[in-house]
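Trainee: Could you take me through one part of this model slowly, and then show me what else is worth a look?

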Amino acid sequence: MKYVNRDSKLAQRFYEAGCLEDCPLYDFHGHLHEVGGNYLPAGNIEPMLDTLHRIGAKSFAFSSHFSLTGVITGDMDTLSTCKQYGAPLRGYFVVMPFLANPPVDCKTILDNPDVYLGCKFLGDYHGTPLEAPVYAPYWEFLNEHKLAALCHTWGDSPFDGSENVRHIAEQYHDVQILVGHCVHGRWDDAVALAKDFPNVWLDLTAVLDDRGALEKFVREVGSERLLFGTDMPWFSTYQGVGCVLDAEISDEDKHNILHKNGERLLKIINR
Amino acid sequence: MIFYDAHLTYGAATKLNVPLPKPNVFLPMLEDELDRTGVTGGLVYNVATDYAGVVVGNSVLANDLKTARHDLYGVYTLVPSYTGELSCANDLYDVMKATKMGALRMNPKAHAHLPRAGALSDYLSMALECKIPVILDTACGITAEECYDLMCAYPTLHAILSVDATWPTDRMVRPFLAQFPNLHYDISHMITEHGLESLVSFCGAKRLLFASDYPSRYIGGQQMMLKFSLLSESEKNLIAGENLLRLIKEARL
């Protein structure tokens, strides 16, 4: 009996081994610690690191919930965790609209190139549109230094829906814009963004639980600008990888999604 | 591991807002997908039942199962007996046995009946007596609160709870597992990192059922999550399929 996907040699090998040297993992969307609303049994860093090591992750870029909620001011939780544990951990500097201090924040990012890939914008949760003036200095900074921005995006959001992303993408051509959750549910909008802007990447976090969206993206956009993400500790890394392996796309596409695109993106942003 | 999937559907109308690669309109198409992913059997119903009607839906399912693989069991959809559309509670066990049905389900919203124990009390009493699993799925027109009330009315019912929420639901699900000893939890929507390990430490492995909600969700994701969990091999085997087979066996269906 063959499991996960009889038609994929990569799936067969991954299911047997649980970790493949020629298919490491690059996860571009993670978090850390507890957050209101849900119980996260792997909220602390140790169980997350255990999974990352077991599955052969080369990079796991996250933003701490403590930073996202502002319960601990500044971005110290993400930064200190990355400094303490090192690879494969990487971070996003969380831009908090009501705590924004662009000169200090941008210097922190520049001073820690081993940690930060760029910024994380959580417009929906912070009630702030991506194109709001308070974010503008950060977009200018990311554009100037050719870094990445992970944006939480969601279907009909007035803060980080497809039109908000489009507004930013039209203005900033040198930021690598990671469309977190692919404007969830508005799959056609995500396709259009990726087609219209070469610096837009579709982050599959929380997309893989709806079977079919991934196949649609590969069919209509190609697999070269799809990034793997889990939201860990929310969602299981092995579950996410299993969804990619099960999907009705080629093994070459799977390699692109799980690691090759991530390797390329890190080179583009010089990280 | 031998996988039995406690949450499978087929039929023409799946979730229309999701771009499924291909809908599995007919049962043999679902069986092809089970072969592709290495699933031996499980519980299945035809989604058309919820818009075409329970009489024709149950009948089509029974007919399709005649030529299906041995390890695929149907799920019979209930509506209250007061309208006389389905077999009465006294006859239903024999009907289920004759048509290879392994469990009961309901969709109060789709079929416009009260999501209360009292509306289905004759069938639920029969299910309790015969140890027939009753599926309570929050995606099927019954809320978690209504599931809880129903279980309070039948606390020893052999039930399978499915919570249609991708975000972690431990705070909602664990009271069910703690208070209702014969309730099992379908993990089709449980994809939390270290979630399986945490749940097993809470209630043991015998209460969890491998499930995918295919074709809406990927079977391979759940397989990888279970295989590479930090559970023992015996715990994984229970969840993968042994628990579901035990449930069906206990009902002698």
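Mentor: Let's begin with the second largest cavity, which has a volume of about 90 Å³. A cavity is a set of points on a 1 Å grid over the protein atoms alone, where a 1.4 Å probe fits but cannot get out. Its volume is the space filled by probe spheres set on those points, which are joined across faces, edges and corners. Keep in mind that this is a predicted model, where local features need pLDDT of at least 70 and side-chain atom pairs pLDDT 80 or more, while totals for chains, interfaces and linings use all residues. Residues count from 1 along each chain as written, chains are lettered from A and ligands numbered from 1 in written order, and side-chain values use heavy atoms, without hydrogens or water.

Two or more lining residues come from each of helix H2 (45–55) and helix H11 (237–246) of chain A, and from helix H8 (195–203) of chain B. H8(B) gives the most, with 3 residues. Helices (H or I, at least four residues) and strands (E, at least two) are DSSP runs numbered from the N terminus. By class, the lining has 4 nonpolar, 7 polar and 3 charged residues. Here Ala, Val, Leu, Ile, Met, Phe, Trp, Tyr, Cys and Pro are nonpolar, Asp, Glu, Lys and Arg are charged, and the others, including Gly, are polar.

How does the largest cavity look beside that? The search finds 3 cavities of 30 Å³ or more in the whole structure, and the largest has a volume of about 100 Å³. It is also lined by 14 residues, with B:Ala6, B:His7, B:Tyr45, B:Ile135 and B:Asp137 nearest its centre. This time strands of chain B give two or more residues each: S1 (3–10), S2 (39–46), S5 (134–137) and S6 (159–162). The lining holds 9 nonpolar, 2 polar and 3 charged residues.

Next, the rings. There are 17 aromatic pairs over all chains. Rings of Phe, Tyr and Trp (its six-membered ring) pair if their centres lie within 6.5 Å, with planes under 30 degrees apart called stacked, over 60 edge-to-face and the rest tilted. A:Trp187 and A:Phe217 are edge-to-face, at 5.8 Å and 80 degrees. This pair links distant parts of chain A, helix H9 (residues 187–196) and helix H10 (residues 213–220), with the two residues 30 apart. Both A:Trp187 and A:Phe217 are buried (under 20% relative accessible area; exposed is over 50%, partly exposed in between, with a 1.4 Å probe and protein chains only).

In chain B, B:Tyr148 and B:Phe176 have ring centres 5.5 Å apart and planes at 90 degrees, so this pair is edge-to-face. B:Tyr148 counts as partly exposed because its relative accessibility is 26%, whereas B:Phe176, at 3%, counts as buried.

Finally, ring pairs join A:Tyr3, A:Tyr15, A:Tyr238, B:Phe3, B:Phe210 and B:Phe228 into a cluster. One of these rings, A:Tyr15, has B:Lys227 over its face, 4.2 Å from the ring centre. For such a contact, NZ of Lys or CZ of Arg must be within 6 Å of the ring centre and within 35 degrees of the ring normal. Elsewhere, B:Arg174 lies over the face of B:Phe202, at 4.9 Å.

Note on methods. On a 1 Å grid over the protein atoms alone, a cavity is a set of points where a 1.4 Å probe fits but cannot get out, and a pocket is an open set with protein on both sides within 12 Å along at least five of seven lines; lining residues have an atom within 4 Å of a point.
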